[in-house]
Structure formats: C-alpha cells, structure tokens
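Here's a quick briefing to read with the model open beside you. We'll start at the metal site, then move on to the packing and the rings.

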Amino acid sequence: MPEWVLLLLLVAAIAIGYTLGRIERGKKRNKIAGDLSQNYFLGLNYLLNDQTDEAIDTFVRSLDVTSDSVETFETRITLGRLYGRRGDVERAIQVHQGLLAKPSLEYKQSLRVQLELARDYLSAGLLDRAEALLRDVSRSESEIKYEALELLLDVYQQEKEWPKAIEVAEQLLPGNEASCRTKLAHYSCELAQRSLERREYHDAREFLKQALNYDRNSVRASLMLGAIEFDKEHYKAASKTLQRVFQQDLAFISETIPLLVKVGSRLGRFHSIDGYLNKCLKEQPSTAVMLALAENIRRSDGDERANRFIVQQLVRRPSLKGLYGLIEMHLEQLEGSSKENLELLSNLVSRVIRSKPVYRCIQCGFSGKELYWQCPSCKEWGCVKPIRGIEGQ
Ligand SMILES: [Zn+2]
C-alpha cells in the first residue's frame, strides 16, 4: 500500500475521533455518531483492503448524514483523493471545488483544498490551472508550502520552463541539497542546450558553468562543454574537460571515449589519451575504453599485439561489443572463404548488439538505446546510465 494511503488512513482516523467527539457532545445526535462510527470504520477497513470503490461509497454515506458540517472537511479531502486514485479526476475536481466554495472554510483549510485541486488538475493535464493554484499556496507561510513547491516544480518540468524551475528548485534547496543540486544542474544544461541550438556559444558556456556550480559532478555539463571546446577546435581544453568525467561518475566514462579519440586524431597524437584510457581500464573497465586502447596498440605495435590484447581483455571481461571489435580487426587481415565465414559471424554479432538496449535507469529499470538525462519512465534526473556487462559496455 502506498505511503500516502496510510497517511490518508491516519487523517481519516483523526477526523473520526474529532467528528465523534463533537457529535457525542450533543445528545440528539447520538444516532448520527453511531452511523458515522460504523461507516468510517467500514470505510477504513475497505481502504486497508485496497477496495477503493467500496471505501468511496462508505465515505459518501457518512457525508450524507453530516452534510454541511466543517467536521466533514477531512472526509471530503479523502473522498476527492480516492476519486483521483480511481482515475475519476472529474469527480475529484467536483468534490474539491465544492469544498473550496464553502464560505465556512478557514484560510489554512482553503490552502489545503487548493493543493488537492492542483493535484487533480495536474492529473488531468490542466497545467495552467494547477500552476495558478500552486503559486498561491507556495507564496503562503503554511507548512504545505513545500508540497506546493514540489508540485510546481513538476509543472515547470512538464512545461520545460527551465528558468521558473530553477527559481522553484532554489527555494527547495535547504533540506534537499543533493537532489535539488542535481536537478538545478540539469535545468541549467537544458538552457545551455537551447543556447547551443541557437548557436549562442557564450550563453551556453555560462549555463554550463552554472550547472557545474550547482553540481560539480555534473557529467552532462562536462560532456557538453567538451563538445563545445571540440567544435571550437580547442582540442586540449576538450580533452581536459572530458577527462573530468573520471572524477564525476565512472559509469559515464564510455560516453567520453568517441570524442576523446577524435581529439587525439585532430591533434595527430593518438597516444595522448593512453594514460587516461589505462587509468579507466583499471578503475572501470569498459569495452569502449578497451577497444580505444587496442586501436592505439595496433597503431604502435601492429595487429598481432592488438589482437592479443583484446583476447586477454575478453577472457577477463567477456562482452559482445569486444567480440565484435576482435572480429572486425581479424576481418581486415583475411581474404577468401575465411573472410566470408567471419563476415557471417560479424553480421550475426552486430545484429545481436543492435537488438540490445544501451542505457538503463538505475532507479526504475527503464532501458533504451538513447541516453535520456531525465528518465522517461520514473522522471528522475541523471539515473539513466550506460549498461555494463556482456551485453553492454
Ligand atoms: Zn527511471
């Protein structure tokens, strides 16, 4: 059972106590108290058994007997949430809107209803309406202000309103340093990406610096800065920036290799990255690193040494991509029918590799061939990483 359901139960239980206490004070209303008590406990029982529909019916019945009293506030909030949970957003909105229209509502209660209504609007995809309500709640000094800011952040992420998302995440920083800094760095990278699309390199650099200020381990910022330096033909700076990923997150080293190899090629100094590659092979062996090293060994010591190096590495760490690299290297040295046979094997291995995902989210397990900085499934930032092992890096 999700945590919020347990929270609802608690809230509903408190509401029962309060309601019964109030009701029992009036002798005439003893029967109502009896009905309420029965209905509430029945409703709670349904909730505990995950029987949302039955719980809704029971709560509606309890509302019938005390239709307009303030004590029913928590019940109505719970009821609206239950409708939302059942996917009946329209009804959830009706319940919460009805509650908001009550003149007897206190200020704090009205803020809570606005928050619930904003949740409904978010579920219905009515982002503008949700935003308007959440802005109001987040400007209040109420304890639910931070809940509103979290939802507002969700709205701005969906709308890709990055400057506004930065403004909100800044307010959420105290107490949530790590997760907020990761998000703030990604929002800055999103802005840098927009600048790059408009070829505004100066602005892009500034946003990427900002990203690294928020999170010095922002791999994304280093990869983007490295690519900018490369485009600007600042090859040494590109190499230095990309190699920073080693300190930031070892899991992304394989992402730096293709551009680092190009840097070596442009500089005419392929071996300039050998130190980095050897360090990576020791700390975080990956097929990309191994094949880049093998290529450099081939350049300096010939095919045989390179082949031997790949075989040694594959024995230690078998991988499909490594095997494919080995086959490709052999293919260049063969002729005739042996070459044809090996080509068949090469095609087969290549097909198997193409059928496999390349990246996987470490939070929810979502996998695909593209590197998403925000997981399309669980919406977490920076959790989708290159897959390692036989079928990956
Ligand atoms: Zn995910």
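**Zinc site**

In this predicted model, the zinc ion takes its protein donors from the SG atoms of Cys361, Cys364, Cys375 and Cys378, lying 2.3 Å from it. The rest is sorted by topic below.

*More on the zinc*
- The arrangement counts as tetrahedral because the four donor atoms subtend angles of 104 to 115° around the zinc ion.
- Along the sequence, the donor residues follow the spacing C-x2-C-x10-C-x2-C.
- Cys364 and Cys378 tie together distant parts of the chain, 14 residues apart: Cys364 is in the loop between strand E1 (359-361) and strand E2 (367-368), while Cys378 is in the loop between E2 and strand E3 (384-386).
- Cys364 is partly exposed, at 36% relative accessible area, and Cys378 is also partly exposed, at 27%.

*Nonpolar cores*
- The largest nonpolar core has 46 residues, and Leu134, Leu153, Val155, Val168, Tyr187 and Leu208 have the most contacts inside it.
- Helices giving two or more residues to this core include H7 (127-139), H8 (145-159) and H10 (177-197).
- Beyond its sequence neighbours within four places, Leu134 touches Leu115, Ala118, Ala148, Leu151, Leu152 and Val155.
- Another core lies apart from that one, with 39 residues, including Ala238, Phe252, Leu281 and Leu326.

*Rings and charges*
- The count of aromatic pairs comes to six, and ring pairs join Trp162, Tyr187 and Trp381 into a cluster.
- Lys232 sits over the face of Tyr201, 4.1 Å from the ring centre.
- Lys279 sits over the face of Phe246, at 4.4 Å from the ring centre.

Methods. Residues are numbered from 1 along each chain as its sequence is written. This is a predicted model: local features need pLDDT of at least 70, side-chain atom pairs count only at pLDDT 80 or more; totals for chains, interfaces and linings use all residues. Side-chain values use heavy atoms; hydrogens and water are left out. Rings of Phe, Tyr and Trp (its six-membered ring) pair if their centres lie within 6.5 Å; planes under 30 degrees apart count as stacked, over 60 as edge-to-face and the rest as tilted. A charge sits over a ring if NZ of Lys or CZ of Arg is within 6 Å of the ring centre and within 35 degrees of the ring normal. A nonpolar core is a set of buried Ala, Val, Leu, Ile, Met, Phe, Trp, Tyr and Cys residues joined through side-chain atoms within 4.5 Å. Buried means under 20% relative accessible area, exposed over 50%, partly exposed in between (1.4 Å probe, protein chains only). Helices (H or I, at least four residues) and strands (E, at least two) are DSSP runs, numbered from the N terminus. Contact means heavy atoms within 4.5 Å. Donors are N, O and S atoms within 2.8 Å of the metal (3.2 Å for Na, K and Ca); water is not among the atoms, so sites may look incomplete. Four donors count as tetrahedral if all angles lie between 85 and 135 degrees; four count as square planar and six as octahedral if opposite donors are over 155 degrees apart and all others between 65 and 115; anything else is irregular.
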